[in-house]
Amino acid sequence: MSKESQGRQPKEQVIQLYQGSKRIHPKLAKGRFTNLRVWAVIATQFVFYVLPWFNWSGRQAVLFDIPERHFYIFGLSLGMGDLIYLAGLLMICAFGLFWWTTIAGRLWCGYACPQTVYTEIMLWIDHLVEGDRNKRLKLDKEPWNFRKIRIKAVKYLLIFAVSAWTGITFAGWFTPIRELVPAIFTMTVGGGILFTAAFYGFMTWFMGHMMREQVCKYMCPYARFQSAMFDRDTLIISYDVERGEPRGARKKNANKEETQLGDCINCTMCVQVCPVGIDIRDGLQYECIGCAACIDACDEIMDKMNYPRGLIRYTTEAALEHEYPEKAIKRRLLRPRVLGYGSVLMLVVIAWLIGIATRATLEVDIIKDRGVMVRENNKGWLENAYNLRIVNASEDEQVLTAKVSGFDEIALTGLPEEGVRVPGGETITIPVQVSTIPEYADKGSHPIEFEFTYRSTVDADAKPDVITEKASFIGE
């Protein structure tokens, strides 16, 4: 080794373990799938923004009243004892998503996922205020001046308005929105509701405008475990390599046989319109949300080149490799995985509907008064004290009467003869006493049974419902 090499110091190198992501400015696509996505955004946001304003039987049609522990979904009224039905709804949504993903891939992500929907809305605002993709890229590179400040200020004002109203609407699902909106503008709203609206509005801005595709690529767990539900017959967006390669630029009227090129002219329009910034020509990627913007962009280029549409299209891996015709829908639907998820989904739906149809609208919990085990009343009978916790899950007032059995001589006191009136959607507690002759109740615990009869005051001619509850009587 020479003296020069011995004295030479190695050059310092900087290795970056993390590279900051670049802002993606997708081009606004036009076509049939873009129109379908617009209608999907309109439909989902109509449900979110408008539904809370509907009234049903004198109250908000859909209201999850957490402080009162009561949930209203049109004519369905659920109390805290009915949380199992809300859990059933979540199970239906979960199995429905699994079943749908097995058949149609990530169409949910591309058309109805809240992250996609609000990202789409923010991109519309970008396009409306700053212009198309090229203008937005140019504006970002410009130095800050009055024009750039004005454009950015207008854009952020619109984004703030959308985010704020989204947060207010979200809070309106949990408190009556017709009372909430005036209370917010008059600053008389409670701190908890105000925090809920502000937090959800902030997350709308942060996820929809700031994070955008980063949520789908790095944060969403659905993108990670979807491979467990995918197979070769799952619908995906694919680039037809056999038809498109070798790719290359050419004149519009060029003869493909002379150029020896495929249908792909390498215009990169599919990349420019992609909201997550991937190149679909590289094959199936977990980042792809199935929005079909690349299909619309490619079809538009194919039309201009007088080539057939479908170079990029919805298809399956098996169909793309000519294992069966692409229109063989029967094969895609009658698969073990699809039938399995579908069967479980159907069973859960049927069980949920049966549970809703047969559930009791009134529940009674018998709580033994531990402060008074047994005592003698003024008749000389042994007496036990109980508390009846009555939960009315319906919206109608219910009248409840009760009787008790278990001994030859037994009496129930504490309830009015005409019955207890329980307002709709409320829970009340009534103290009652059960007494019997001392000879019947020796030392120890004795089983007794309460029988409750109730009916709605709205429909006095309806047949009363009956429920029974077991309890124990403590003798001396």
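Modeller: A helix here is a DSSP run of H or I with at least four residues, a strand is a run of E with at least two, and both are numbered from the N terminus. The model is predicted.

With those terms, the loop between helix 12 (241-244) and helix 13 (256-259) contains Pro-246.

The next loop, between helix 13 and helix 14 (269-272), holds Gln-260. Gln-260 is not a glycine, yet its phi is positive, near 60 degrees. Its side of the accessibility scale is clear: a relative accessibility of 62% is over the 50% cut-off, so Gln-260 counts as exposed. Asn-266 is found in the loop between helix 13 and helix 14 as well. Asn-266 also has a positive phi, about 60 degrees, without being a glycine. At 37% relative accessibility, Asn-266 is classed as partly exposed, because that value falls between the cut-offs of 20% and 50%.

Within helix 8, Ile-177, Leu-180, Val-181, Ala-183 and Ile-184 are buried. Viewed down the helix axis, these buried residues fall within an arc of 165 degrees, so they line one face of helix 8. The buried residues of helix 8 pack against strand 2 (59-60), helix 7 (146-171) and helix 9 (191-211). On the other side of helix 8, Glu-179 and Phe-185 are exposed.

Thr-453 belongs to strand 15 (residues 444-456). Its relative accessible area is 24%, so Thr-453 is partly exposed rather than buried, which would require a value under 20%. Leaving aside residues up to four places away in sequence, Thr-453 touches Val-399, Leu-400 and Thr-401, and also Pro-464, Asp-465 and Val-466. Thr-101, by contrast, is 352 residues from Thr-453 along the chain, and the C-alpha atoms of the two are separated by 48 Å.

Key: Residues are numbered from 1 along each chain as its sequence is written. This is a predicted model: local features need pLDDT of at least 70, side-chain atom pairs count only at pLDDT 80 or more; totals for chains, interfaces and linings use all residues. Side-chain values use heavy atoms; hydrogens and water are left out. Buried means under 20% relative accessible area, exposed over 50%, partly exposed in between (1.4 Å probe, protein chains only). The arc is that of the directions from the helix axis to the C-beta atoms. Contact means heavy atoms within 4.5 Å.
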